[in-house]
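Hello,

Here is the structure you asked to see.

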Amino acid sequence: MKKTQVVIIGAGPSGLLLSQLLARDGVDCLVLERQARPYVEARIRAGLLEWTTVELIRDAGVGERMLREGLVHDGFDLAFDGRSHRIDVKGLTGKNLLVYGQSELQKDLGDASADRVVWEAADVRIEDFTHAAHVSYLKDGVREVVEAEYIAGCDGYHGICRASIPRDRVVEHERVYPFGWLGVLADVPPLHHELVYANHERGFALCSQRSATRSRYYIQCALNDQVEKWDDDRFWDELARRLPADYVAKLVRGPSIEKSIAPLRSFVTEPMRFDRLFLVGDAAHIVPPTGAKGLNLAASDVRVLHEGLVDYFRRQNDTLLAAYSSRALSRVWKATRFSWWFTTLMHRFGDETFAQRLQVAELDWIAQSAAGSAAMAENYAGLPFAAG
Ligand code: APR
Ligand code: PHB
């Protein structure tokens, strides 16, 4: 039997960032991860950090490489109706954004928390989360039991934590979108120094980046589409069709180093605490990637839970811990609203011209109105946290 104060299930960004913050504050924790470390680090995900996320990672003591190699952005472009408009996020909110790939962050976190993680912990089970916090797992064929005071469920959308909660204690809200994103990673310079989100009658396109020499591009595709049907030429041709001509002139094509299709979904679990079990990050909610809120929301849950756990273990005060679910959900719902709205604004839902005209009208209004631009920038940069 192992004893710790917090047992964390899942070593994605949520689990590792939480473990790192807790360790720095002298709270003992152990992380149980089903996969091997290289597998977790090879997963390609989004790469845009809100400044509050950057600060949290820096405060966790793992921001050195991120601040050195990450690209600081001040805004982004909206392209529509054959033209484009820049949203000056820094000018409108005072906040920057940082482009830094999640797989790089995952490596930095993995290095910092190596002695706290059990990789390849098989068949992790929550034995008790009501009266006590007991978790068990198989390592090299032997079942180990961990006794803690709290369990942090950081095991993503397909994990066991949310699945361990009796159905009558949880409400799940879901919206599945009728399309996916085909993403391509390529070692070519980005076509623009900031991100470009494009609304086009053939479907949405996004020009993102990982560095000055690595680009990440996405196009909206059908849900039942197959990656094998998209050779590189077809992808570049389709991307070019969806962008205004002045961007296309700057598009550098090259061989893809990764190509995948992801469905889009909004999903929120309520509440996010069940006795001694807290759900964190993708285990509790999923947003569509338009606006890149997934990782930032995970970091925001971690921040709120970390504050509560430290107050409890260091000052025997459980007020903040008791407020975890409501504080986290208040920000989760606002980001869920923003990513649903931005998705709705930018994608083709069918061939209805009425909806397309409304999208262009709204984009035009955002571009021309100080209030419209400010609302977009404020949400994109990341909303403030609720008071404790
Ligand atoms: N036992 C142990 N570990 C598990 C189990 C299990 N039964 N099920 C899943 N895991 C692990 C996964 O292997 C993964 O490493 O939990 C981790 C969950 O990580 P993520 O899915 O990355 O979720 P999270 O850490 O909340 O990260 C937030 O931000 O950009 C978004 O969706 C993107 O991953 C991202 C997320
Ligand atoms: C990415 O770089 O992968 C990315 C950036 C912004 C988004 C979504 C994805 O809105």
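Which residues line the second largest cavity? They are Glu 50, Lys 293, Leu 297, Arg 331, Lys 334, Ala 335, Phe 338, Asn 379, Gly 382 and Leu 383. A cavity is a set of points, on a 1 Å grid over the protein atoms alone, where a 1.4 Å probe fits but cannot get out; lining residues have an atom within 4 Å of a point.

This is a predicted model: local features need pLDDT of at least 70, side-chain atom pairs need 80 or more, and totals for chains, interfaces and linings use all residues. Residues are numbered from 1 along each chain as written, chains are lettered from A and ligands numbered from 1 in written order, and side-chain values use heavy atoms, without hydrogens and water.

The largest cavity holds about 110 Å³. Its lining has 13 residues, with Ala 46, Gly 47, Leu 206, Tyr 218 and Ala 292 nearest its centre.

A side-chain N or O atom of Tyr 197 is 2.7 Å from an oxygen atom of ligand 2. For a polar side-chain atom of Tyr 218, the distance to a ligand 2 oxygen is 2.5 Å. A backbone N or O atom of Gly 291 lies 3.0 Å from an oxygen of ligand 2.

Best wishes

Conventions:
A polar contact is a pair of N or O atoms within 3.5 Å; within protein, one must be able to donate a hydrogen and the other to accept it, and residues adjacent in sequence count only if both atoms are side-chain atoms. On a 1 Å grid over the protein atoms alone, a cavity is a set of points where a 1.4 Å probe fits but cannot get out, and a pocket is an open set with protein on both sides within 12 Å along at least five of seven lines; lining residues have an atom within 4 Å of a point. Grid points are joined across faces, edges and corners, and a volume is the space filled by probe spheres set on the points.
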